[in-house]
Amino acid sequence: MKVRRLKLSGFKSFVEPAELSVEPGLTGVVGPNGCGKSNVLEAIRWVMGESSPKSMRGAGMDDVIFAGTALRPARDFAEVSLLVERDAGDAQGEGALPAGEIEVTRRIERGAGSAYRVNGRDVRAKDVALLFADAATGAHSPALVSQGRISAVIAAKPTERRAMLEEAAGISGLHVRRKDAEQKLRAAEANLVRLDEVLGDME
Ligand code: ATP
């Protein structure tokens, strides 16, 4: 999976709509302290489904919305869109989207939570998390290395390190699908028991 373009609006310090293209090769983001470099990486993690306000350096998720300055009022929403190009290998799993370019958008309204869209169609947070997990990337994957992450990897417990390796291998989505399948199986078994009881009553 390759990141092609990032669009931000009302996200943290990006009060005006901003667009960043990622061309083939190495891309660097440079600027003075506090200009918003880390906010760019956080926007990528956020649109991929980050659910912890703490890892967005905030107390609540609404803190990602532009909070206002002495000269500008706060905004009521933040929106981030990520255009990615998926390789054939990324498009695996049940109901997966085909390879090619897709745009994932996350929008948060103050006090109303987040909503996700893929190519303009409403989807669940879980769908977005699976989409990135299958491509071995995502909010918690080793593909995104934020400040302090290296020391966190060194200090991680073996179980945490295993989770990182699974993310890197692109198999963490399989755990979610397995849990879903087990739930469906349990529901089907309960239905069969109920059916047996109904049939027994009819005889
Ligand atoms: P450094 O080089 O010091 O690591 P940086 O370029 O990575 O800095 P960031 O940490 O990305 O900068 O950005 C910090 C800036 O973002 C601060 O000026 C902060 O006020 C601003 N900021 C963060 N959240 C919000 C918000 N919700 N509303 C407005 N501004 C915000």
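Asn 39 is partly exposed, because 19 other C-beta atoms lie within 10 Å. The scale counts other C-beta atoms within 10 Å of a residue's own, placed from the backbone: 20 or more is buried, 12 or fewer is exposed, and in between is partly exposed. This is a predicted model, where local features need pLDDT of at least 70, side-chain atom pairs count only at pLDDT 80 or more, and totals for chains, interfaces and linings use all residues. Residues are numbered from 1 along each chain as its sequence is written.

Asn 39 sits in helix H1. Helices here are DSSP runs of H or I with at least four residues, strands are E runs of at least two, and both are numbered from the N terminus. Leaving out residues up to four places away in sequence, Asn 39 touches Lys 12, Ser 13 and Phe 14. Contact means C-beta atoms, placed from the backbone, within 7 Å.

Asn 33 lies in the loop between strand S2 (18-21) and helix H1 (37-47). Asn 33 is exposed, because 5 other C-beta atoms lie within 10 Å. UniProt, in an unreviewed entry, lists both Asn 33 and Asn 39 under "binding site". Such annotations may be inferred rather than shown by experiment.

Now turn to a helix pair. Helix H2 (residues 125-134) packs against helix H5 (residues 172-202) at about 135 degrees, with axes 7 Å apart. H2 is therefore oblique to H5. Oblique covers angles left over once under 35 degrees is roughly parallel, over 145 roughly antiparallel and 65 to 115 roughly perpendicular. Leu 130, Ala 133 and Asp 134 of H2 meet Ser 172, Gly 173 and Val 176 of H5.

Note on methods: Two residues are in contact if their C-beta atoms, placed from the backbone, lie within 7 Å. Axes are lines fitted to C-alpha atoms, for helices over the stretch in contact, and angles run from 0 to 180 degrees between N-to-C directions.
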